[in-house]
Every structure is written in structure tokens, then in C-alpha cells.
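This note is written for a colleague who is meeting the structure for the first time. Please read the points below alongside the sequence and the coordinates.

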Amino acid sequence: RPRVFSGIQPTADSFHLGNYLGAIRQWVEMQDTYDAFYCVVDLHAITVGHDPNRLRERTLLAAAQLLAAGLDPERCTLFVQSHVAEHSQLSWILGCLTGFGEASRMTQFKDKTQRQGVEAATVGLFTYPVLMAADILLYDTDQVPVGEDQRQHLELTRDLAQRFNNRFGETFRVPEAYIIKETAKIYDLQEPRVKMSKSASSPNGIIELLDDPKVSAKRIRSAVTDSGREVRFDEEEKPGVSNLLTILSALTRRSIPELEDAYAGKGYGDLKRDVADAVVEFVTPFRERTFALLEDRETLDGILARGADRARAVASEKLRQVHDRLGFVPAK
Ligand code: ATP
Ligand code: MG
């Protein structure tokens with residue numbers, strides 16, 4: 001079976017709707033057709049300032065949310081990045097193959113340092129895409145289900161794989177980004193031209209899956225739209241309405257044209273009410289499952305331990321091969 005790998009950062013207590021529709025929903029769907037490896041990327045989460053106790057909590061929260069979303073530890077490998085040391089080890093090696101100029105062109109770094117400036121950023125945030133490449137390449141990954149914001153990092157990953165293969169011999173599979181066009185970018189409800197983000201969205205712009213559903217419904221009702229009246233998908237003229245249509249279409253699996261027809265003659269208020277209902281219907285059981293999973297810490301720890309063992313078995317073999325290709329003398 002082909003391989004799928006993807007990761008998510010424990011940089012907030014809750015995942016948001018963009019994480020779910022842009023990535024996690026695809027992770028769940030791909031479990032059966034792929035040999036699936038999914039990872040809570042805690043090493044990535046320390047590239048920005050963090051609190052250790054919170055990181056611990058958020059890592060478990062992330063694992064519980066992934067299971068609540070439908071990942072099944074019998075059908076996929078779910079693990080925590082720092083449990084598999086090979087990720088850091090391969091990252092160093094790939095860093096030595098990455099051009100400084102090449103890394104400097106990564107737009108996520110530019111976006112994430114816009115507010116505070118490059119001087120205040122860590123080198124870890126700068127080399128984040130190299131660690132991400134290591135995550136993916138360790139597992140001979142074919143497909144990487146991610147949101148649109150990760151496309152450029154996937155390109156870098158492919159370039160690094162090909163570069164290594166050319167210089168040192170065929171070693172890495174060259175992966176592909178698996179991006180579902182319709183839901184690749186869910187926007188901030190208050191700034192509908194900016195992506196919804198765990199670490200950058202304003203509280204009213206984000207739908208957090210673990211929030212009280214009443215709060216989420218309220219945020220949807222106060223989402224920014226436009227001064228028109230027509231419910232129509234038009235990202236240029238109507239980014240707010242288009243974002244709401246995208247969300248409703250994804251959650252109800254009704255097409256956008258079908259929804260446009262259904263809202264002919266109706267107003268933004270009707271649309272918002274229906275989006276709010278669809279979100280509440282989704283998050284209510286999701287939250288319950290997440291909180292139940294967190295109650296049973298032993299089971300959760302067990303799932304993550306087994307996942308790490310399975311991941312390590314694959315990653316250590318790949319790293320051994322890499323060391324050999326590079327000319328590192330094996331430890332006897
Ligand atoms: P941060 O702001 O800390 O970077 P994030 O919200 O971007 O957090 P990540 O953990 O970086 O979340 O990303 C997890 C996955 O969710 C990635 O595949 C990413 O592409 C996807 N994703 C993130 N935000 C969105 C969004 N607004 N729409 C669609 N997909 C998204
Ligand atoms: Mg991100």
C-alpha cells in the first residue's frame with residue numbers, strides 16, 4: 001500500500017476548523033487505502049515561545065482530538081514526533097543540503113516573523129521546513145495531506161529528496177502534496193483574506209473545535225461579510241460569504257452551486273444560521289469524544305507508545321541507510 005504521512009502542531013489547546021477541513025478529515029479518509037503515519041509534531045511547536053506544562057497538555061489534547069476525529073490506532077500509526085529521535089537526526093543532515101537562500105524564500109517564515117521582525121525569530125523557526133522534510137522523507141511517503149499553506153514546504157521537501165538522491169544515490173521517495181482544493185484554505189472569520197490559524201487568528205476569527213459550541217455559533221453569526229445581499233461564491237468580491245459557503249459545503253457535503261441555488265432570495269442571516277447549525281452538529285460529539293479519551297490517560301499513552309515503536313522501526317532503518325550513503329562510519 002502507498003504511504004501517507006502528515007503532522008499537526010500542538011500550538012494551541014484546540015484544533016480549528018481549518019485544521020480539520022484542510023487536513024485531518026483527509027487523514028481519516030486515507031487510513032484504509034494507505035499505510036498511514038500521523039504525528040503530533042511537538043518539535044515544531046517549540047520553534048515559537050512555549051510553556052512546558054502547556055505543551056505537555058496540548059500534545060495529549062492533540063492526540064485525543066485526532067482520535068476523536070476518527071483516526072483508529074488499529075488502522076494507522078499515531079505518534080509524537082519527539083518520541084522518534086530520527087526526526088531531529090535527519091533534520092540536521094537535510095539542513096546541510098539546504099541552501100540558505102533557498103530556506104530564506106519560505107513564505108511561512110516571512111509571514112510568521114512579520115509582526116515581531118526576523119531579529120526576534122529563532123533559528124528553529126527558520127529551519128522548520130527542513131525538519132518537516134525530515135518528518136516526511138523518513139517514511140518513504142507518497143502523499144502528504146496538508147492545507148494550501150504547506151505547498152511550498154512540500155516543494156522544498158521534494159527538492160531535498162531529489163538532491164540527496166542525485167548526490168548520494170537513490171534513498172528517498174519523492175512525496176506529493178495531497179491538497180483538496182475546496183477546503184485547502186479556510187479563512188479567518190474576521191479577516192476573510194487571511195487563513196484561520198492556531199497561533200495568529202484573533203479570538204473572534206477562529207472556530208476552535210473544543211470551544212463551547214455556543215461560542216462558535218456566536219462567532220459565525222458575527223463573521224464579517226460584505227454590504228451586498230446575494231449569497232454567491234466569489235472569493236474576490238465576497239471573501240467572507242465564500243468562506244462560509246466553503247465551510248457549509250464541506251460539512252454538509254452539498255456542492256457550492258447547490259447551496260447558491262438554495263439561498264437564492266435568502267439573506268446572509270440564513271446562511272450564517274445554517275453554518276452555525278452544521279458546526280454545532282459536528283463539534284458536539286467531537287468534543288465529547290475528545291474529553292472522554294483524555295480521561296483515560298493510560299490508554300492514550302499506550303496508543304502513542306505503540307505508534308512510536310512502529311514509526312521508529314521504519315525511521316531507524318531509513319536513517320541507517322542515510323548514514324551509510326553519507327559515509328558515516330557505523331558504530332560497532
Ligand atoms: P500555527 O498557526 O501554529 O502554524 P496552524 O493553524 O497553521 O497553526 P498547523 O499545525 O501548522 O496549524 O497545521 C496543521 C495542518 O492544518 C496543516 O496541514 C495545515 O496546512 C492545515 N491548516 C492550517 N490552517 C489551515 C486553514 N486555515 N485552512 C486549511 N488548512 C489549514
Ligand atoms: Mg501552521
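1. Overall form. The model is predicted. The protein chain contains 13 helices and five strands. Its radius of gyration is 21 Å, close to the 20 Å that the globule rule gives for 332 residues, so the chain is as compact as a globular protein of that length. Along the principal axes, the C-alpha trace spans about 75 × 45 × 40 Å.

2. Burial, surface and contacts. Of the 332 residues of the protein chain, 51% count as buried. The accessible surface of the chain comes to about 15800 Å², and 49% of this belongs to carbon and sulfur atoms. Among contacts between residues at least 6 apart in sequence, 76% join residues at least 24 apart.

3. In soluble globular proteins, nonpolar side chains tend to be buried together. The largest nonpolar core here has 60 residues, of which Tyr-38, Leu-66 and Leu-271 touch the most other members. A second, separate core of 35 residues includes Tyr-128, Val-130, Ala-133 and Ala-308. Leaving aside residues up to four places away in sequence, Leu-271 touches Val-231, Val-241, Leu-244, Leu-245, Leu-248 and Tyr-263.

4. Helix H12. This helix covers residues 268–295. At 1.5 Å a residue, its 28 residues should span 40 Å, and the end C-alpha atoms are 40 Å apart, which agrees. The buried residues of H12 include Leu-271, Val-275, Val-279, Phe-282 and Phe-286. An α-helix has 3.6 residues a turn, so residues three or four places apart point the same way. Against which helices do the buried residues of H12 pack? They pack against H1, H3 (52–69), H9 (213–221) and H10 (239–252).

5. Helix H1. Residues 17–30 form this helix, and 13 of its 14 residues are buried, so H1 is largely enclosed by the rest of the structure.

6. Glu-176. This residue belongs to strand S5 (residues 176–178). Is Glu-176 buried or partly exposed? With a relative accessible area of 42%, Glu-176 is partly exposed, since buried requires under 20% and exposed over 50%. Not counting residues up to four places away in sequence, Glu-176 touches Asp-142, Gln-143, Val-144, Leu-154 and Arg-158. Glu-176 and Ala-62 are 114 residues apart in sequence and 25 Å apart in space, C-alpha to C-alpha.

Technical notes
Residues are numbered from 1 along each chain as its sequence is written. Chains are lettered from A and ligands numbered from 1 in the order in which they are written. This is a predicted model: local features need pLDDT of at least 70, side-chain atom pairs count only at pLDDT 80 or more; totals for chains, interfaces and linings use all residues. Side-chain values use heavy atoms; hydrogens and water are left out. Helices (H or I, at least four residues) and strands (E, at least two) are DSSP runs, numbered from the N terminus. The expected span of a helix is 1.5 Å times one less than its number of residues. Buried means under 20% relative accessible area, exposed over 50%, partly exposed in between (1.4 Å probe, protein chains only). The radius of gyration is taken over C-alpha atoms; the globule rule is 2.2 Å times the number of residues to the power 0.38. Contact means heavy atoms within 4.5 Å. Accessible areas come from the Shrake-Rupley method with a 1.4 Å probe; for residues, only the protein chains shown count as cover. A nonpolar core is a set of buried Ala, Val, Leu, Ile, Met, Phe, Trp, Tyr and Cys residues joined through side-chain atoms within 4.5 Å.
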